[in-house]
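This briefing goes through one protein model by topic. The sequence and the structure come first, and the notes follow.

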Amino acid sequence: MAELDIGKHCEIKSCRQKDFLPFVCDACSGVFCFEHRSRESHSCPEVLVQREISASGGTTSYLCTFTDCKGKELLPVICPYCEKHFCLMHRHQDDHKCEKLETPKPRMAATQELVQKIVESKKNAPVSKGRRGAKNSATAAKVALMKLKLHAAGDKGLPQTERTYFQVFLPIEVRERSLPMFFCSGWSVGKVVDFAASQACLKNNNNVLTAKKLRMCHPETGEALGMDVTLQSLLSHPECPLYNGGNIILEYLDSENTALDDVTTYISQS
């Protein structure tokens, strides 16, 4: 099975950003990201219609049919959808409010629909064995990450390159079983716990000596992770199963407890 490859790279050499829903310029047919979608932003090489003199030595004018526009062109500029004449300023569907223009879906809704189709296509796929296992795991991780990005809560001011996404499983006593969140990869585990508690409205008495402490736990062994360790160091550690788009568990532990009794209690009930 080929590795999942969705979207295209922006054709601007200084950008090359990969967009899951790239924009195609209706003038030069180039593929661009959201930032460079307009003709001005990607210096579109489109050649405007030049004037031609008719064989009789005179000129023919084509009036723009857009409401209240007095523009005219020497050559016909016809919309291929509604088949009406327009000036260069109003030649695109958006510019002349074309009666046959389909309302585009919001980008987030379109992305969500794309992800859902991918997920559905994987449900009935046969389980691969042997060497393909690693590729299938990587593909599943990519899909999980895309799903988290659609709904995750976090600090919107964080640059995309510094965000790490997790499905955060909440303490047993909380009605909400889990929430998607993102954190800065440079944060310590202690800061991640404080931020997640704030986002999920959890009681956080980590500064009270005698109180139970809210801890971030290993998603497989249930071991409480060190509060001073950074996410970045955990993500790069070969023996820690944390990865961008994966799971973490939050739970209240007594000071003498260093691990959860059963992590499946959290994952199975989510």
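This is a predicted model: local features need pLDDT of at least 70, side-chain atom pairs count only at pLDDT 80 or more; totals for chains, interfaces and linings use all residues.

Seven bridges join strand β7 to strand β8, and the two run antiparallel.

- On β10 (residues 246–253), β7 (residues 163–169) has a parallel partner, and four bridges join the two.
- Val168 has Ile248 of β10 as its bridge partner.
- Taken together, four strands make an open sheet with mixed pairing, in the order β8-β7-β10-β9.
- The edges are held by β8 (178–184) and β9 (213–217); each has a single partner strand, so one side of each lacks a neighbour in the sheet.
- On average, and with direction ignored, neighbouring strands of this sheet are turned by 35° against each other.
- Helix α3 (residues 189–200) packs on the sheet and touches β8, β9 and β10. The direction of α3 makes about 135° with that of β8.
- Although β8 stands at an edge, this strand is mostly covered, with five of its seven residues buried.
- As background, strands of a sheet pair through backbone hydrogen bonds, in either a parallel or an antiparallel way.

**The nonpolar core**

- The largest nonpolar core holds 31 residues. Val168, Phe183, Leu202, Met216, Leu242 and Leu250 have the most contacts inside it.
- Two or more residues each come from α2 (132–151), β7, β8, α3, β9, α4 (231–236) and β10.
- The largest share of this core is that of α3, which gives six residues.
- Leaving aside neighbours within four places in sequence, Phe183 contacts residues including Leu158, Phe166, Val168, Val192, Phe195, Ala196, Leu231 and Ile248. Glu162, Arg163 and Thr164 are also among the contacts of Phe183.
- In soluble globular proteins, nonpolar side chains tend to be buried together.

**The salt bridge**

- The structure holds one salt bridge. The side chains that form it belong to Glu99 and Lys84, at 3.4 Å from N to O.
- Both residues lie in the loop between β6 (72–73) and α1 (107–123), 15 residues apart.
- Glu99 counts as exposed because its relative accessibility is 56%, over the 50% cut-off.
- Lys84 has a relative accessible area of 36%, between the 20% and 50% limits, and is therefore partly exposed.
- Side chains of opposite charge can pair when their charged atoms come close.

- Cys64 sits in the loop between β5 (62–63) and β6.
- Cys64 is buried, because its relative accessible area of 8% is under 20%.
- Not counting residues up to four places away in sequence, Cys64 touches Cys69, Gly71, His85, Phe86, Cys87 and His90.
- Arg91 is placed in the loop between β6 and α1.
- With a relative accessibility of 17%, Arg91 falls under the 20% cut-off and so counts as buried.
- The side chain of Arg91 reaches the backbone oxygen of Leu88 at 2.5 Å.

Conventions:
Residues are numbered from 1 along each chain as its sequence is written. Side-chain values use heavy atoms; hydrogens and water are left out. Two strands pair if DSSP finds at least two bridges between them. Axes are lines fitted to C-alpha atoms, for helices over the stretch in contact, and angles run from 0 to 180 degrees between N-to-C directions. Contact means heavy atoms within 4.5 Å. Buried means under 20% relative accessible area, exposed over 50%, partly exposed in between (1.4 Å probe, protein chains only). A salt bridge is a side-chain nitrogen of Lys or Arg within 4 Å of a carboxyl oxygen of Asp or Glu. A nonpolar core is a set of buried Ala, Val, Leu, Ile, Met, Phe, Trp, Tyr and Cys residues joined through side-chain atoms within 4.5 Å. A polar contact is a pair of N or O atoms within 3.5 Å; within protein, one must be able to donate a hydrogen and the other to accept it, and residues adjacent in sequence count only if both atoms are side-chain atoms.
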